[in-house]
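Please look over the chain and its ligand before reading on. The paragraphs below start with the whole fold and then take up its parts.

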Amino acid sequence: MAFRSRREKLRSILSGSACVHPGSVYDAISIRIAEDLGFPLGMFGGSVASLAVLGDPDVTLITLTELAEQMRRMSRAASLPVLVDADHGYGNALNVRRTVEELETAGAAGLTIEDTLLPAAFGEAKAQLISLEEGAGKMKAALDARGDSSLVIMGRTGAASITSIDDAIRRARAYEAVGVDGLFFTGIKSRAELEAVAAATRLPIVLGGAPDELSAIDYLTGQRVRIALQGHAPIAAATQAIYDVQKALREGTPPKALKGLPPAELSNRVMREAEVKARSADLLGSKK
Ligand SMILES: O=C([O-])CC(=O)C(=O)O
Ligand SMILES: [Mg+2]
């Protein structure tokens, strides 16, 4: 299976003894840059998928087809393992199956399925959770849908900030019992909460957005956190860069006087230009 080695790399992070930060990736350019900089894996967040593909906030309007297609583009562009935020699996447990099939063939190294009720329910100001039973059923469906057993399936819960830390633990233990490969927590607010979760479970932990007291990598390592997200600053920085350049052009700055443009060396590296040139020479008879 062509994507197996990517999945095994993600597995070795989860079974290893260090906590790593993923690069935030969302398209062919961002994954190549993350790979070139030596990130051990990429995180493809649902929020950045919505932003990159639709220009929308994270309100579950993106479709599975769009998400998988964006993943496919990244898989073609680089071989960095990518953990995909597959939200709620785009429906019920049957839809979760389909989600796993699509993301597996698109080359994801792993994916997370969360127990948040998505899209948001009518008349509810706050996020809601599906039942533990339905959540566990979704995890079971995801595991069962794998054609490649090396694909990583992570059970994700935001219960820590939606219901309670005890509920987060109950859910995590239920997802562990079903056989997921790791646990992804969002909404953990303190060291005491992380320690409670780590003590009550045994699988490797992925930590979503977390406060400053949960940023020391040695501490996280000691709590079995193997992947710690750091938000999605790259797409935010790209937004600012595009704004600045468009604004300068709109205000009459000549293209040659623009600031913040990449040197040709960087653009060429991102395009893998040397490889394309070599291939053109071989296959099209063009000069190197
Ligand atoms: O997975 C992540 O990176 C956090 C998240 O839910 C998102 O960005 O949609
Ligand atoms: Mg998300």
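What percentage of the 288 residues of the chain count as buried? In this predicted model, the share that counts as buried is 38%. The secondary structure consists of 13 helices and eight strands. Along the principal axes, the C-alpha atoms occupy a box of roughly 60 × 45 × 40 Å. The radius of gyration is 20 Å, which agrees with the value near 19 Å that a compact globule of 288 residues would have. Among contacts with a separation of 6 or more, 65% are between residues 24 or more positions apart.

Ala 2 lies in the segment before α1 (4-15). Ala 2 counts as exposed because it has 9 C-beta neighbours inside 10 Å, and the limit for exposed is 12 or fewer. Ala 2 and Arg 279 are 277 residues apart along the chain, and their C-alpha atoms are separated by 22 Å.

Helix α2 covers residues 28-36, and its buried residues are Ser 30, Ile 31, Ala 34 and Glu 35. Viewed down the axis of α2, these buried residues fall within an arc of 135 degrees, so they line one face of the helix. Just after α2 comes Gly 38, with a positive phi of about 90 degrees.

The residues around ligand 1 are Met 43, Gly 45, Gly 46, Ser 47, Val 48, Asp 58, Asp 85, Gly 208, Leu 229 and His 232. By class, this shell divides into three nonpolar, five polar and two charged residues. Helix α3 (residues 46-54) gives the most to the shell, with three residues.

Which residues of α6 are buried? They are Gly 135, Ala 136, Lys 138, Met 139, Ala 141, Ala 142, Leu 143 and Ala 145. The elements covering these buried residues include the helices α5 (93-105) and α8 (165-178), together with the strands β4 (110-114) and β5 (152-157).

Key:
Residues numbered from 1 in each chain as written. Chains lettered and ligands numbered in written order. Predicted model: local features only at pLDDT ≥ 70, side-chain atom pairs only at ≥ 80, totals over all residues. Buried ≥ 20, exposed ≤ 12 C-beta atoms within 10 Å, placed from the backbone. Helix = DSSP H or I, 4+ residues; strand = E, 2+ residues; numbered from the N terminus. Arc of directions from axis to C-beta. Near = placed C-beta within 6 Å. Nonpolar A, V, L, I, M, F, W, Y, C, P; charged D, E, K, R; others polar. Contact = placed C-beta atoms within 7 Å. Rg over C-alpha atoms; globule rule 2.2 N^0.38 Å.
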